[in-house]
2 protein chains.
Amino acid sequence: MQLTRTDVVDAAVALLDEYGLADLSMRRLATSLGVAPGALYWHVANKQALLGAVADRILLRAAAPEDRPSPEDWDARLLRVAGALRDALLSHRDGAEVVAASLAARQVSVPVRERLAEPVRAAGLSEDEAEPAALAVLHFVLGATTDEQSRMQLDSLGVLPDDGAPVALATDAAAGFALGLTLFVDGIRHRVRTLER
Amino acid sequence: MQLTRTDVVDAAVALLDEYGLADLSMRRLATSLGVAPGALYWHVANKQALLGAVADRILLRAAAPEDRPSPEDWDARLLRVAGALRDALLSHRDGAEVVAASLAARQVSVPVRERLAEPVRAAGLSEDEAEPAALAVLHFVLGATTDEQSRMQLDSLGVLPDDGAPVALATDAAAGFALGLTLFVDGIRHRVRTLER
């Protein structure tokens with residue numbers, strides 16, 4: 001059987017879920033596929049490109065371009081896309097960290113910023129501001145999910161100190177995320193109205 | 001000379017700035033101080049606690065409690081505290097990552113969430129919502145500065161692929177950060193008015 005790029009990314013995602021980002025090496029990946037490390041480089045240029053391909057896989061379902069325009073209002077679209085992003089990042093071990101690092105390294109092909117910018121533009125924000133506003137929403141999503149995922153993973157290892165407060169429930173994280181997004185949506189709405197005056 | 005906890009944290013911050021988070025080990029720290037690794041454990045319980053002390057040092061100037069109430073309006077206070085946080089995180093190599101990881105691990109003593117919650121409460125948001133709204137602002141600050149710092153560090157290593165677009169200037173990052181904060185402030189203002197009706 002010929003090794004394909006899809007096989008390589010499949011195996012990398014499986015290793016990520018089992019061992020986490022710190023233990024995802026090209027050597028371990030080659031071993032899990034039963035090939036020499038050199039064989040991987042036909043499919044991915046280096047570790048950074050591999051992580052970019054893993055990030056694309058994580059993001060694909062949440063942020064793939066849609067076939068037809070959604071009938072929802074812009075605010076419902078923005079909340080839905082941001083919520084789908086959070087779900088996608090939380091569904092793989094270290095998912096938020098992999099995606100954040102790959103976005104910073106410009107290794108992500110899935111147009112996640114565009115998917116967030118579209119409803120912001122539809123809200124009526126100027127072309128100049130729609131892009132940075134969408135990036136701000138993305139930064140919030142990454143910051144919130146990185147924190148939530150780190151806490152969940154540390155909790156599951158039992159290494160968090162007892163700080164006297166009850167451990168935050170996942171529902172608190174979801175509610176806090178929803179409140180943060182609502183503040184963004186209201187902020188965008190306020191800004192559009194101010195511009196219209 | 002007796003080794004103090006301050007000496008240990010000073011040396012850890014110096015190593016962080018010189019080598020980055022990935023190369024900050026207890027062994028390297030002991031070597032830089034000219035002591036046996038075991039001597040460190042009189043001052044910090046483990047690596048996680050050490051990083052928490054480093055995070056506290058990074059945050060201290062930006063988020064120390066203030067002696068007297070500020071005469072500024074709540075929105076000016078929120079923008080100032082969030083801006084000071086960004087400056088503090090960017091002023092040390094991997095500063096955003098160290099602080100984000102230490103906050104998730106509950107190893108930070110500096111009351112950074114409280115410093116952000118104070119102006120949000122002063123704005124008139126309910127007690128129930130002020131805490132999660134402040135956490136959302138903190139998540140935005142962490143997400144934005146982690147991304148900005150990763151890009152700066154990758155740029156300085158010359159390892160970013162040429163994506164056809166001019167490299168984003170630091171002023172763009174600062175402007176995007178300011179726009180994101182403004183959307184939060186306007187969102188909070190809108191929410192307070194809606195609650196008052």
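User: How are helices H4 and H6 of chain B packed, and at what angle?

Analyst: Helix H4 (residues 47–63) of chain B packs on helix H6 (residues 95–104) of chain B at an angle of about 120°, and their axes lie 9 Å apart. Helices here are DSSP runs (H or I, at least four residues; strands are E, at least two), numbered from the N terminus. Axes are lines fitted to C-alpha atoms, for helices over the stretch in contact, and angles run from 0 to 180 degrees between N-to-C directions. This is a predicted model, in which local features need pLDDT of at least 70 and side-chain atom pairs count only at pLDDT 80 or more, while totals for chains, interfaces and linings use all residues. Residues are numbered from 1 along each chain as its sequence is written, and chains are lettered from A in the order in which they are written.

User: What does that angle make of the pair H4(B) and H6(B)?

Analyst: Angles under 35 degrees count as roughly parallel, over 145 as roughly antiparallel, 65 to 115 as roughly perpendicular and the rest as oblique. H4(B) and H6(B) are therefore oblique to each other.

User: Which residues of H4(B) and H6(B) meet?

Analyst: Two residues are in contact if their C-beta atoms, placed from the backbone, lie within 7 Å. From H4(B), Leu51(B), Gly52(B), Val54(B), Ala55(B), Ile58(B) and Leu59(B) meet Gly95(B), Val98(B), Val99(B), Ala101(B) and Ser102(B) of H6(B). By class, this contact of H4(B) with H6(B) has 8 nonpolar, 3 polar and no charged residues; Ala, Val, Leu, Ile, Met, Phe, Trp, Tyr, Cys and Pro count as nonpolar, Asp, Glu, Lys and Arg as charged, and the others, Gly among them, as polar.

User: How many residues does each chain bring to the contact between chain B and chain A?

Analyst: Chain B and chain A each give 35 residues to the contact. On the side of chain B that touches chain A, H6, helix H8 (127–157) and helix H9 (170–196) each supply at least two residues, and the largest share, 15 residues, comes from H8(B). The residues of that side of chain B divide into 20 nonpolar, 8 polar and 7 charged.

User: What rotation and shift superpose chain B on chain A?

Analyst: Two copies of a chain are related by a rotation about an axis and a shift along it. Here a rotation of 180° with 0.0 Å of shift along its axis superposes chain B on chain A, with RMSD 0.0 Å (by least squares on the C-alpha atoms of residues with pLDDT of at least 70 in both). That is the relation of a two-fold axis.
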